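Please keep the sequence and the structure in view while reading.

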Amino acid sequence: MAGQLVKEWAGIQQFPVATQEKLVDLLAKLKNQNADTLTILVMGKGGVGKSSTINSIIGERVVTVSAFQSETPRPVMVSRSRAGFTLNIIDTPGLVEGGYVNDQVFDSIKRFLMTKTIDVLLYVDRLDAYRVDDLDKQVVKAITDSFGKEIWHKAMVVLTHAQLSPPDALTYEELFSKRSESLLKCVRQGARISKKDVQNFAIPVALVENSGRCNKNEHDEKILPTGTPWIPNVVHAITDIALNGHGGILVDQKVIHPFNPSIPKHNVMPFLAFVLQYFFVIKPIQKQIKYDVSRETIPSWA
């Protein structure tokens, strides 16, 4: 952030007073723990509400969202400061294209994040997307492969489109529980978190409703169907993750290429194949040729 002018967090003044007070208290809690900067990485598939969630948390339209371009085409970081505290939120493109995980998108994200420290990962999906399939698992696996398994110590699942009526025979709490558990199971499988390790990777789940038609309480705060003001609730969960005792993830070559950053993984197998071929095919043939030459009789006319 050196040399970059960070704008004042003016959007916080747009929140209702009750929300402002909660946010200021949470920022103070971070500063009391000597955390004067917080960097949040927002990831997920396309069209799940990543950019809209960032706008809601900042209180300003800092990321463009339109009917024709639902998300940012490349990673972008929004920074805001207040009372000596700097909040960085990084928006990213959708991680899936044409039914497959987009490796080019991951490469662009890793280049953008190089030398940055991720304090919190928000993995965003929709509450009203009832299906979890192998593609979701592949997305989680790609995140894990890119930043290491430890990234899930700093993660929270965010479910958008939370203001909905559950299907018949389900209460809202049951819908939230079933959707959360199915997605968390997918995260555990994709991140290769074993059953005995689940307690060490307690990933919270938060609900979000970015619509302007979101219901409000008597304090004019946007609330979930449960009556919970969701913006301070999400920021509270983010604060807990930032201070959960696990260090932030510094993105460097060691994280991206944990085995040997100087040798890309796809070059290892051809190298091993060459070594095996040399010792078990080429070298024995050379030895046999040398032996045959040594046994040849020199003709009298030579």
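A residue is called buried when its relative accessible area is under 20%, exposed when it is over 50%, and partly exposed in between. The model shown here is predicted, and K45, at 19% relative accessibility, counts as buried because this value is under the 20% limit. The structure holds 13 salt bridges, and some of them are described below.

**K45 and D136**
- K45 is found in the loop between β2 (37-44) and α2 (50-58), and the side chains of K45 and D136 meet in a salt bridge with an N to O distance of 2.7 Å.
- This pair links distant parts of the chain, since D136 lies in helix α4 (residues 134-147) and K45 in the loop between β2 and α2, 91 residues apart.
- D136 is buried as well, with a relative accessible area of 1%, and a polar contact of 2.7 Å also joins its side chain to that of K45.

**R80 and E60**
- A salt bridge connects R80 with E60, whose closest N and O atoms are 3.2 Å apart.
- Here too distant parts of the chain are linked, with R80 in strand β3 (residues 76-82) and E60 in the loop between α2 and β3, 20 residues apart.
- R80 is buried at a relative accessible area of 9%, whereas E60 is partly exposed at 24%.

**K110 and D107**
- The side chains of K110 and D107 meet in a salt bridge of 3.8 Å, N to O.
- Because K110 and D107 are 3 residues apart in helix α3 (residues 103-113), about one helical turn separates them.
- K110 is buried, with a relative accessible area of 16%, while D107 is partly exposed, with 35%.

Terms used
Residues are numbered from 1 along each chain as its sequence is written. This is a predicted model: local features need pLDDT of at least 70, side-chain atom pairs count only at pLDDT 80 or more; totals for chains, interfaces and linings use all residues. Side-chain values use heavy atoms; hydrogens and water are left out. Helices (H or I, at least four residues) and strands (E, at least two) are DSSP runs, numbered from the N terminus. A polar contact is a pair of N or O atoms within 3.5 Å; within protein, one must be able to donate a hydrogen and the other to accept it, and residues adjacent in sequence count only if both atoms are side-chain atoms. A salt bridge is a side-chain nitrogen of Lys or Arg within 4 Å of a carboxyl oxygen of Asp or Glu. Buried means under 20% relative accessible area, exposed over 50%, partly exposed in between (1.4 Å probe, protein chains only).
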